[in-house]
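Please look over the model shown here.

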Amino acid sequence: MIAQEQIPTVLDHPVYDTEGKKIGDAKHVFLDDATGRPEWVTVKTGMFGTNESFVPIKDASVVSDHLEVPYSKDRVKGAPHVDVDGGGHLDASEEQRLYEYYGIAWDEAWQRANEPGDRGWARGDGDGTAGAAGTASLAGAAGTAGTAGTAGMTGTDDTAAPLGDAMTRSEERMHVGTEEVETGHVRLRKYVVTEEVQQTVPVRHEEVRVVREPITDANRGEALSGPEISEAEHEVTLHEERPVVETRAVPVERVRLETDEVTEEETVTGQVRKERIEIEGEDTGVARDPGDGLGR
């Protein structure tokens, strides 16, 4: 449970789950109208913080500069959707759905809402003011309940002007974050192709050449060794080389996949709303600060 004075420390600060994973940033704190204690915190989740989920703050704790809640990130992101801009209150059905989703006993919450003097369970935004409790309270009381006090309001001056004499000017701020998403798959696949390869190789072959030698003293004996007149044959075997193709598998390279992280700049455009306060009527003689937003 966090105290009211810790609300500024929680708002717009990170919220982590039970495993130390960041869920998102805290945007609103809703108060119990009966006790004034913080009951719920809304967390911006999703791509660029487009979703806002309710989380019970009963067992949460402030650690350093962030809030830790006893629920997983997936459970918080899967919580029932509740319109945060719905008048600053949770009606009975919305609150019951949230209690049941987070496993909190609804009977205990109902008994608390029906204790003597309890005027309903209105909720206040994180801007420090609690909303007005109405017929949509948990106890379901008919009629209009009283206005809840101002959360985080300090000072003891009994002569201070009532809250109705002042306006709170608020504006939205855009917070841009990043979320890692899966964009595709890359795989290596090996397959076999057949290609035509040409290579020149030298080959040898034998050819017949007729050699005629005159009779000399050196070869006369061999030339006259046969009959004087006869028929004869002499045969020579010819040889040649022919190309022979043989293939062998040899390793040529190793191929693997690696990922490189590349950082790029992207411009995000969004819309934010701002409240302006105008002074109507005759000249009041009030000096205006150029930065106060009055009359614009």
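In the hairpin of β2 and β3, six residues lie between the strands. Gly 36 takes a positive phi near 80° there. Strands here are DSSP runs of E with at least two residues, numbered from the N terminus. Two strands count as paired if DSSP finds at least two bridges between them. His 28 stands opposite Thr 42 in β3.

This is a predicted model: local features need pLDDT of at least 70, side-chain atom pairs count only at pLDDT 80 or more, and totals for chains, interfaces and linings use all residues. Residues are numbered from 1 along each chain as its sequence is written, and side-chain values use heavy atoms, with hydrogens and water left out.

β2 also pairs with β1. Strand β1 (residues 14–16) meets β2 (residues 22–31) in the antiparallel sense, over three bridges. Five residues separate β1 and β2 in their hairpin, and Gly 20 in the turn has a positive phi of about 80°. Tyr 16 stands opposite Lys 22 in β2. Val 15 stands opposite Gly 24 in β2.

Six strands form an open sheet with mixed pairing, in the order β4-β3-β2-β1-β6-β5. Its edge strands, β4 (51–56) and β5 (61–63), each pair on one side only. The twist averages 40° from one strand to the next, taken between lines fitted to C-alpha atoms, with angles from 0 to 180 degrees between N-to-C directions.

What lies in the loop between β1 and β2? Asp 17 does. Asp 17 is buried yet has no salt bridge. A salt bridge is a side-chain nitrogen of Lys or Arg within 4 Å of a carboxyl oxygen of Asp or Glu. The nearest side chain of opposite charge is Lys 21, 5.7 Å away; Lys and Arg count as positive, Asp and Glu as negative, and His and the chain ends are not counted.

| Backbone nitrogen | Distance to a polar atom of the Asp 17 side chain |
|---|---|
| Glu 19 | 3.0 Å |
| Lys 73 | 3.1 Å |

Asp 17 also touches Ile 23, Val 69, Tyr 71, Ser 72 and Lys 73, not counting residues up to four places away in sequence. Contact here means heavy atoms within 4.5 Å.

Terms used
Helix = DSSP H or I, 4+ residues; strand = E, 2+ residues; numbered from the N terminus. Buried < 20%, exposed > 50% of the residue type's maximum accessible area, 1.4 Å probe, protein only. Polar contact = N/O pair within 3.5 Å; in protein donor to acceptor, adjacent residues only side chain to side chain.
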